[in-house]
Structure formats: C-alpha cells, structure tokens
Amino acid sequence: PRSTPLYSSAASDVYKRQRVIAPAFVPPGARFKGYRDVVVQGLVIKAHNIRYRLQTWRTAEGAYLSGQLPASVQGHHFDPQLRSYVLHQYNHCHVTQPLLLEQLRQWGIDISAGQIDALLSADKELFHDEKDAILVAGLQASRSITVDDSGARHQGKNGYVLHIGNEFFGWFGSTGSKSRINFLEQLHAGAITTQVNEEALAYMHAQGLSAALREQLGQASKQLPDISRTMQDWHKHLSSLQITDARHVRIATEGALLGSLLDKGFNPELAIVSDGAGQFAVGLHALCWVHAERLIHKLIPINDAQRQAVARVRGQLWDFYADLKAYKRQPSAQQVAPLQARFDALFTQSTDYYTLDDLLLRLHRRKDELLLVLKRPDIPLHTNGSETDIRDFVKKRKISGGTRSELGRQCRDTFASLKKTCRKLGISFWSYLLDRVSLSNAIPPLPTLIRNAAVAGALP
C-alpha cells in the first residue's frame with residue numbers, strides 16, 4: 001500500500017459534506033437497518049476572495065490606530081493557498097508560466113504575467129536560506145554522498161548543475177563550470193574561502209606542484225597564518241607571488257580550497273561516490289560500479305569472438321558485483337582477501353579483444369576506488385540515487401529551457417533541492433510550501449529533520 005507522507009495536508013478521515021439518500025420508495029412495514037457509506041472524492045476549484053476592512057480610529061490625542069493584516073498576507077495581494085499553488089505547479093508539476101497565467105485567469109483570478117513571475121521568484125530568501133542549510137546539514141550528518149552533474153543553460157550559454165545527495169537529502173547548484181575548483185567551492189556550502197595549511201600543501205604535492213612553489217606558498221602562509229582569503233583575495237595573492245601559470249594556479253587553488261574546507265570541519269572520512277569524472281576525485285573517493293560496467297557495455301565488437309568476450313566479462317563483473325552487495329549486507333574480514341584476488345583476476349585477464357583488455361587494465365588501476373566498499377561497507381556501490389534525482393532537473397530543463405536571470409537560476413536550484421529533500425524525508429511538498437508561505441512553521445526545518453535522522457542512525 002502507498003505510504004502517507006509526513007505532515008500531509010490530506011484529511012481523508014474528515015468529510016466536509018454529507019448527504020443522506022433514501023430509497024426512491026420504502027414499502028410499508030420496512031425496517032431501517034442503518035447506512036451503507038460510499039465516499040466520493042472531489043476537488044473544489046474556484047476563486048476565493050477576502051476583503052479585509054481595517055478599522056481606523058483617532059485617539060483623543062490625535063493619533064491614529066489601524067487594524068493590521070494577518071502576517072501571512074502582509075505585502076501580498078494573494079493568499080498563502082494561491083501563492084503555494086503557483087509555486088507547486090511551477091516547481092513540482094513543471095507547468096510553464098504562460099499556462100499558469102491562462103489557467104488562473106480561467107478560474108477567475110485577476111492576475112498578470114508579471115505578478116506570476118514575482119510569486120515564483122521575489123522574496124524567497126527564507127527558501128534560499130533553508131536550501132543552503134540543507135547542504136550544510138547533509139555534509140555534516142552523512143558518512144557518504146553521491147554526486148553527478150548535467151547541463152543547465154543560463155543566459156543563452158551552456159552551464160552545468162551539480163547534484164550532491166544521498167538517501168535523505170538532495171541539493172542542486174548551477175554554475176558555468178564543472179571543474180574540480182567549482183566542486184570544492186560548492187562543498188563549502190556558504191562563504192568560499194582559501195587557506196594554505198598542511199592538508200593544502202599535501203594535496204599540491206600529490207598533484208605534482210613543484211617543491212619550490214609549495215615552499216613559496218607555505219612561507220607566505222606562515223607570515224599571515226590567520227588569513228582565510230576569499231577567491232578574489234586569493235587570486236591577488238597568487239599574482240603578488242608571481243604564480244601565473246594556468247596549471248600552477250589551478251593546483252594551488254584546488255589545494256587552498258580543500259585546505260580551507262578541512263579547516264572548517266569538513267569530514268575527511270566522508271566518502272564521495274561518483275561516475276569517475278575527474279572533478280569529483282577529491283578526499284575519500286569511490287567509483288560507481290554501474291558506470292564501470294557501462295564502459296564495457298559501450299564497446300562495439302566486430303566479430304563473434306569479441307562479442308563473446310564482452311558477454312563473458314560482463315557476466316563475471318555482475319557476479320562479482322552481486323558478491324560485493326552480499327558483503328555489504330554482512331561484512332566479514334575473511335572475505336576481503338578473496339574478493340581482492342577475484343578483482344585482480346577479473347581486471348587483468350587476457351581476451352581476444354585488445355580494446356577490452358586495455359579497458360580492464362584502466363579499471364584495474366582504479367582498484368582502490370572500486371573496492372573502497374571493502375573498507376567502508378556503508379557506502380553505496382553506485383550513483384543511481386544522484387542520477388534519479390538529477391533526472392527531474394533534466395525534465396524541467398526540457399520543458400522550460402534555460403534561465404535568464406541570476407534570481408531565476410537561484411530559484412530553480414532552491415526549489416529543486418527543497419522538493420527532492422522533502423520527498424526523501426517523506427514530507428508532502430505541497431504541505432511544506434503551504435506551511436512556509438503561511439508562516440505556520442508546523443513542519444520543522446529540513447536541516448533539523450536530516451540531523452535527527454542521523455542521530456537515530458538512519459543515515460547512510
């Protein structure tokens with residue numbers, strides 16, 4: 001049976017109207033035996049206007065007193081129900097603004113295209129703040145996240161949307177880049193700062209930045225140890241040190257962002273599961289097995305021997321994947337070595353298909369990322385969650401195209417994040433919107449619900 005969302009506004013046990021219907025003819029001598037109830041559900045759609053008449057009084061001293069509108073309608077020409085409906089139709093049901101305008105006018109609502117646009121984007125700071133807090137709570141409370149990105153055009157130019165989430169939250173952030181620098185900036189979940197510390201220098205060393213440049217950056221940091229620079233100040237700092245080579249700037253910036261992130265308390269044990277895109281390979285990184293198999297599935301063999309080799313290897317991979325899932329359910333130290341040996345045998349075998357052999361060896365070089373689950377059975381083996389979440393965003397993109405203003409892009413990301421997080425927490429998105437717009441605050445903040453789930457031990 002379908003589960004009822006938490007904080008649902010549905011009141012199926014309350015009947016607003018009741019009609020008693022007697023038989024067309026009751027013969028003499030018949031005895032009344034009660035009722036047979038039949039519930040017929042319906043929906044009342046009509047304009048509903050309220051005229052507030054604010055009394056005005058003049059005191060004996062000459063001062064004027066006036067009645068005050070309810071807080072939920074102050075500064076608005078539309079009640080919380082209508083404002084919530086517009087937000088729900090646009091962000092949840094993907095109804096376009098022209099269709100919303102036509103629909104509301106057909107129902108007798110006196111509204112303009114500009115007013116609909118304002119209802120969708122103006123004065124949404126409360127929602128933006130809660131969306132930002134979702135990422136902070138999700139990163140703090142979780143032990144693993146999955147990530148993915150997709151296209152998101154903005155102002156006629158190609159852009160990208162990043163998804164970060166797991167079983168209990170989903171967060172979207174649109175930018176013009178899909179670089180590792182952008183990913184690290186998004187993980188800051190707020191003010192983006194840079195800092196050169198031991199972790200930053202270790203990252204720069206691992207990425208091949210020369211010892212001379214690392215020494216130069218480290219010495220400059222010691223002179224100003226308490227400075228946590230903004231990105232603008234960071235680039236000025238690099239220029240002052242005459243570090244201008246694009247590769248050097250990139251590595252130093254990535255390291256400084258990571259150093260500041262860890263200094264702020266980012267959990268270094270947070271596992272990041274991705275499809276293998278290079279921008280996500282930071283910290284404790286794991287690879288998606290479904291994407292690894294997909295590389296093999298995309299090969300185009302040209303003869304029967306090659307087709308048989310691909311089919312055989314895919315079968316072996318899925319058998320191994322099934323055993324990894326079994327290990328996740330019941331981890332055992334005795335299984336680690338045999339599984340590692342099977343991995344080596346699978347990805348170093350020789351077939352009659354050179355392209356397949358080369359691909360297997362490339363995957364074998366990422367053994368630590370594919371087998372991180374042996375150390376961390378709590379992490380997922382795939383990024384299916386992120387791909388499912390981002391599919392809804394792609395649907396919105398296909399219907400409405402790109403965004404034209406920074407405010408429009410911010411609202412698209414915000415309501416996509418809130419909608420997805422509500423769904424994962426079992427909260428009706430309609431009830432959530434109505435609660436926030438009416439200022440009822442009966443539904444707790446979403447970050448609080450995420451942290452409560454973590455305390456209960458329900459988070460991955």
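Helix 2 passes helix 3 in a right-handed crossing, the near helix being turned clockwise from the far one by less than a right angle. The structure is a predicted model, in which local features need pLDDT of at least 70 and side-chain atom pairs count only at pLDDT 80 or more, while totals for chains, interfaces and linings use all residues. Residues are numbered from 1 along each chain as its sequence is written, and side-chain values use heavy atoms, with hydrogens and water left out.

**Helices 2 and 3**
- The axes of helix 2 (residues 97–106) and helix 3 (residues 113–121) come within 10 Å and cross at roughly 115°, where axes are lines fitted to C-alpha atoms over the stretch in contact and angles run from 0 to 180 degrees between N-to-C directions.
- Q97, L100, L101 and L104 of helix 2 meet A113, I116, D117 and L120 of helix 3, contact meaning heavy atoms within 4.5 Å.
- The residues of this contact divide into six nonpolar, one polar and one charged.

**Helix 18**
- In helix 18 (residues 446–455), L446, P447, L449, I450 and A453 are buried (under 20% relative accessible area, with a 1.4 Å probe and protein chains only).
- These residues lie on the same side of helix 18 because they cover an arc of only 165° around the axis.
- The buried residues of helix 18 pack against helix 4 (125–141), helix 16 (406–424) and helix 17 (429–437).

**Q306 in helix 11**
- Q306, which lies in helix 11 (residues 304–329), counts as buried because its relative accessibility is 12%.
- The side chain of Q306 reaches the backbone nitrogen of I302 at 2.9 Å.
- Leaving aside residues up to four places away in sequence, Q306 touches P301, D352 and Y353.

Terms used:
Helices (H or I, at least four residues) and strands (E, at least two) are DSSP runs, numbered from the N terminus. Ala, Val, Leu, Ile, Met, Phe, Trp, Tyr, Cys and Pro count as nonpolar, Asp, Glu, Lys and Arg as charged, and the others, Gly among them, as polar. Buried means under 20% relative accessible area, exposed over 50%, partly exposed in between (1.4 Å probe, protein chains only). The arc is that of the directions from the helix axis to the C-beta atoms. A polar contact is a pair of N or O atoms within 3.5 Å; within protein, one must be able to donate a hydrogen and the other to accept it, and residues adjacent in sequence count only if both atoms are side-chain atoms.
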